[in-house]
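Here are my notes on this one, as numbered points.

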Amino acid sequence: MSPAVSDPSLPSLSDLSAQELSAAYREKRLSPVEVTRAVIARIEHCEPRLQATWLFRPEAALEQARASEQRWQRGDARGPLDGVPTTIKENIATRGDPLPAGTAAVDLMPAAADAPPAARLKEAGAVIVSKTTMPDYGMLSSGLSSFHTLARNPWDLSRTPGGSSAGAGAAAAAGYGPLHLGTDIGGSLRLPASWCGIFTLKPSLGRIPIDPPYMGRTAGPMTRTVGDAALMMQALARPDARDSMSLPAQDIDWAAFDVAPDHLRGLRIGLLLDAGCGLAVEPEIQAAVELAARLFEKAGAIVEPMQPFMSQALLDGMDHLWRMRSLVDLKALRPDQRAKVLPYIREWAESAAEFSGEHVFRSFSQFHATRVTTVNACARFDYVISPVSPNMPAAAEAPSPTNDPLRPLEHIGFTVPFNMSEQPAASVNCGYSAGGLPIGLQIAGQRFDDLGVLRVARAFEQIREVQRPWPRVAPD
């Protein structure tokens, strides 16, 4: 068995993919214990500056790794994820652990049970190394939190990793093992994936059961490769009665994701370069997405420009309903708790205090209007490609790209429609800014075509320009 590299800032076992680890375990070339030790070393090396983890428990992880090692030695491993280091976003319940939801306002109580995605990963034998950080109530596209230490982007520590799956995105890019689990209601998987240069799939609503379920909310894999995301989907995409929107069992061959670039030949691809609302797309991002479109065409796809289908009224309606929902949540808190909520979130939520009942109803109506508009706009295409975000990552300390609680969602015009339409949408790296920051390409498919999105992403993964080396975070 190969020893871990002594300097965690250099390539090591912690950089191997889940696919590579599973093959090495099966062939007895590596042990889950030595791999987990390498991941622990990487985390300890980077965390003083990155701050992506919460409930980092090295000894508990090594105990899980030893149990996995014994299963592989006996020949009764639980599957390809057995012994693979993994992190879980802190708002996904793990039995016995509290759920702060990123805010200091919550009374910390141990969760009674694993939420469905966490349960599936544990059943598959994954080694849960740590949970990962998030902003207050998951309502920011940054790592700013009144509970957690500020998470930073490993490509540039002065920048945000995105959010709300902030710690997960940073952890994946920094090499805290190959598998990470996040959530998304308006872009919370795809934004950090884009800004941290990794891959993610926001699946069709209900494909990965979650508890509690609600409109637009999904869990999804965050990985460095499409293949590792497909591997996670084998475990995660199973029905669970606790999710009232869970999809019925379906025999999906997730291993069939691995297609050649000629898979793109003849596909009808819509190219969306204007969200129709929010911030204008920065030139470097537009150039990277246009280059991706040309690569699709070169591979034989039929790429056609799309007109924007979102509007500021649709985006504002969703924003205003979420403000009212958050205001109701704040009012349920004790005064001492409410005072602990991040001031930006308080100001955003309290701005709904004067909304009339009619205004709230009209705001709620924009969710379904967004769904209808998105489905209709995508109907004539097999897939739609676009920027993930119109902007490069903001300063780490900024709660949102606008830093304005009355304009908080100006950067999610490309991502949020696919939450409401329940369509699968991925983020895959498609280039870099002049300053070396990653840029994400969104690939959205028709509802239920999660495997199709993975296949298109895998084909693009092979034709895109060579990916730059992953960032190495120096210790203090």
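1. The largest pocket has a volume of about 620 Å³. A pocket here is an open set of points on a 1 Å grid over the protein atoms alone, where a 1.4 Å probe fits, with protein on both sides within 12 Å along at least five of seven lines. Its volume is the space filled by probe spheres set on those points.

2. Keep in mind that this is a predicted model: local features need pLDDT of at least 70 and side-chain atom pairs count only at pLDDT 80 or more, while totals for chains, interfaces and linings use all residues. Residues are numbered from 1 along each chain as its sequence is written, and side-chain values use heavy atoms, with hydrogens and water left out.

3. Who lines the largest pocket? There are 30 lining residues, and Asn91, Ala101, Met134, Tyr137 and Tyr214 lie nearest the centre; lining means having an atom within 4 Å of a point. Helix H9 (312-331) is among the elements giving two or more residues, and with four residues H9 supplies the largest share. One more detail on Tyr214: the charged end of Arg325 sits over its ring, 5.7 Å from the centre (the rule asks for NZ of Lys or CZ of Arg within 6 Å of the ring centre and within 35 degrees of the ring normal).

4. The second largest pocket holds about 330 Å³. It is lined by 18 residues, with Ala60, Gln64, Lys122, Ala126 and Ile128 closest to its centre. Strand E3 (127-132) and helix H3 (58-74) each give two or more residues, and E3 gives the most, five.

5. Next, the open sheet: 11 strands with mixed pairing, in the order E1-E3-E2-E4-E6-E5-E10-E11-E9-E7-E8. Its edges are E1 (53-54) and E8 (302-305), each pairing on one side only.

6. Which kind of aromatic pair do Trp54 and Phe147 form? They are edge-to-face, with 5.6 Å between centres and 80° between planes. Ring centres must lie within 6.5 Å to pair; planes under 30 degrees apart are stacked, over 60 edge-to-face, the rest tilted. Trp54 is in E1 and Phe147 in a loop, 93 residues apart. Trp54 is buried at 15% relative accessibility, and Phe147 partly exposed at 28% (buried is under 20%, exposed over 50%, partly exposed in between, with a 1.4 Å probe and protein chains only).

How values were computed: Two strands pair if DSSP finds at least two bridges between them. Rings of Phe, Tyr and Trp (its six-membered ring) pair if their centres lie within 6.5 Å; planes under 30 degrees apart count as stacked, over 60 as edge-to-face and the rest as tilted.
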